[in-house]
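Take a look at the chain below. We will go from the overall fold to one helix pair and one surface patch.

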Amino acid sequence: PAYETRLSLVGSEMCIRDSGNDGRVAEVLAAALAASRAAGSDAANAKREKRAAVAAARASDHAAKLVARLLALDARRAESLGASGSPGKPPRRGAALGAGDARDVVDCLRALRALARAAPGAVAGAAATLAPYLRADNGLEPRGEAEAVSLVAEILAAAAAVMSRADGAALGRVASPDLRAVVLSLGTTPTSAALACLVALERRGCRAAAKALWRLAASFFGARRKTARAFVVLGALAEQWADGLAKGPPADVEEPSALAAAKEPLRALHRALVAALEHDGDAPRDAKIDAVCRAVSGRPPLASALARRGVLDAMLGVGPAAARAKALGSWARVLDGACAAPDAPDAAADARALILAVEEGGDAAEDAFHAVAGATQGALPRVHAALADADGAVRVAALGLLGAVLRHGLCNPRDAVPRLLACLGDAAPRVRDRALQLLELEDERRP
């Protein structure tokens with residue numbers, strides 16, 4: 001059986017198993033750890049806060065035990081080579097863990113990620129101990145190493161958000177070289193996690209992370225032949241680090257590059273991604289589509305330019321079926337992201353700064369919504385045509401985008417419902433099921 005740990009929270013036991021559902025675990029943990037003062041008597045609020053404080057302490061204790069378990073497994077691995085284990089976890093090239101221990105490593109990291117998502121402070125103290133696991137030399141088989149690295153990068157990103165700037169910068173100096181190596185060598189999932197971690201560290205004032213991000217952007221931007229990895233990296237940076245790219249190279253980065261030479265680096269990156277999508281190349285079309293959609297998520301006004309140039313229309317309706325399905329699904333996420341609430345301003349700011357941040361954030365969010373909504377409404381004929389596509393995956397993706405359009409009130413339900421009813425006769429069960437689900441949702445909204 002998978003390694004199992006138990007965490008007592010608010011008088012109940014929770015079991016974190018090798019289920020892959022740590023997102024749900026994080027939701028439950030977050031609810032248990034919450035200490036918001038809901039409506040009620042002072043006594044009830046005091047009792048709630050006391051329970052939350054106890055839960056937070058237990059979560060920290062649980063995280064410490066999980067880390068201790070990881071170090072014990074590493075010590076056992078070191079002993080198999082005739083060497084002693086070390087709390088610093090030095091790399092042990094060539095030492096493989098047994099199947100049971102390998103499962104334990106991944107399960108411990110999954111449990112720590114669940115804790116990090118719900119209570120980042122519980123794992124922040126262990127960040128320096130976990131950072132060496134980014135070296136992808138944990139005694140696992142290749143797929144396990146990729147998952148372990150992804151998990152550790154996610155844990156560190158969550159922990160960085162609650163660290164002081166000094167602690168975040170210190171962690172970044174240690175972890176940035178390994179994170180950059182992950183981006184250059186591992187698959188899509190660990191690459192995305194490593195980039196998100198670098199961005200989180202850079203936001204805590206880590207200059208090493210900022211330099212790593214810029215050098216990655218400059219390297220892949222300047223490549224004459226862009227691979228799928230290049231579009232994964234550039235798309236992620238355009239989405240998550242748009243502000244950093246807009247500022248240009250950090251002051252202590254002196255090496256020349258095509259990106260640094262651009263007057264407006266972020267706009268130059270956007271142009272390069274769109275140009276790559278419009279022309280055939282070595283990289284798969286779906287990788288280019290994903291990069292462009294992520295760039296729009298980072299700068300929603302770009303959606304208007306894509307619509308004016310006909311790029312969005314072509315993206316949704318031209319090319320192989322897999323690419324069109326990817327475009328429809330990715331654009332649905334862009335639309336949902338543009339309609340999401342903006343991030344809360346930093347509570348450390350003064351009152352005037354907070355008011356200005358809220359006002360500016362509200363205006364920016366409204367502009368983002370209008371840009372993406374307008375582009376999406378202009379592309380609705382393509383979405384409608386995709387509902388009758390010969391490929392089932394395209395039809396499912398088109399229903400997903402139509403559902404997002406309905407959810408955000410961008411079309412008249414009277415126009416969409418007949419199309420959904422027609423999909424109930426589709427030959428593919430998944431198309432019928434998705435159409436029925438959307439009809440049921442519309443019935444709940446408008447009985």
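A residue counts as buried when its relative accessible area is under 20%. By that cut-off, 45% of the 447 residues in the protein are buried. Keep in mind that this is a predicted model.

Start with the fold. The protein has 22 helices and two strands. The accessible surface comes to about 21,300 Å². Carbon and sulfur atoms hold 53% of that surface.

Next, a helix pair. Two packed helices are described by the angle between their axes and the distance between those axes. Helix H20 spans residues 392-407, and helix H22 spans residues 429-445. Their axes come within 9 Å and cross at roughly 10°. Angles under 35 degrees count as roughly parallel, so H20 and H22 are roughly parallel to each other. On the H20 side, the contact is made by Gly-392, Ala-393, Arg-395, Val-396, Leu-399, Gly-400, Gly-403, Leu-406 and Arg-407. H22 contributes Arg-430, Val-431, Arg-434, Ala-435, Leu-438, Glu-442 and Arg-445.

Finally, the surface patch. Leu-421, Leu-424 and Leu-436 make a nonpolar surface patch of about 240 Å². Leu-421 sits in helix H21, residues 413-423. Is Leu-421 buried, partly exposed or exposed? Its relative accessibility is 47%, so Leu-421 counts as partly exposed. The exposed class begins over 50%.

Note on methods
Residues are numbered from 1 along each chain as its sequence is written. This is a predicted model: local features need pLDDT of at least 70, side-chain atom pairs count only at pLDDT 80 or more; totals for chains, interfaces and linings use all residues. Side-chain values use heavy atoms; hydrogens and water are left out. Helices (H or I, at least four residues) and strands (E, at least two) are DSSP runs, numbered from the N terminus. Buried means under 20% relative accessible area, exposed over 50%, partly exposed in between (1.4 Å probe, protein chains only). Accessible areas come from the Shrake-Rupley method with a 1.4 Å probe; for residues, only the protein chains shown count as cover. Patches are made of residues with over 30% relative accessible area and no salt bridge: like charges are joined within 9 Å, nonpolar side chains (Val, Leu, Ile, Met, Phe, Trp, Tyr) within 5 Å. A salt bridge is a side-chain nitrogen of Lys or Arg within 4 Å of a carboxyl oxygen of Asp or Glu. Axes are lines fitted to C-alpha atoms, for helices over the stretch in contact, and angles run from 0 to 180 degrees between N-to-C directions. Angles under 35 degrees count as roughly parallel, over 145 as roughly antiparallel, 65 to 115 as roughly perpendicular and the rest as oblique. Contact means heavy atoms within 4.5 Å.
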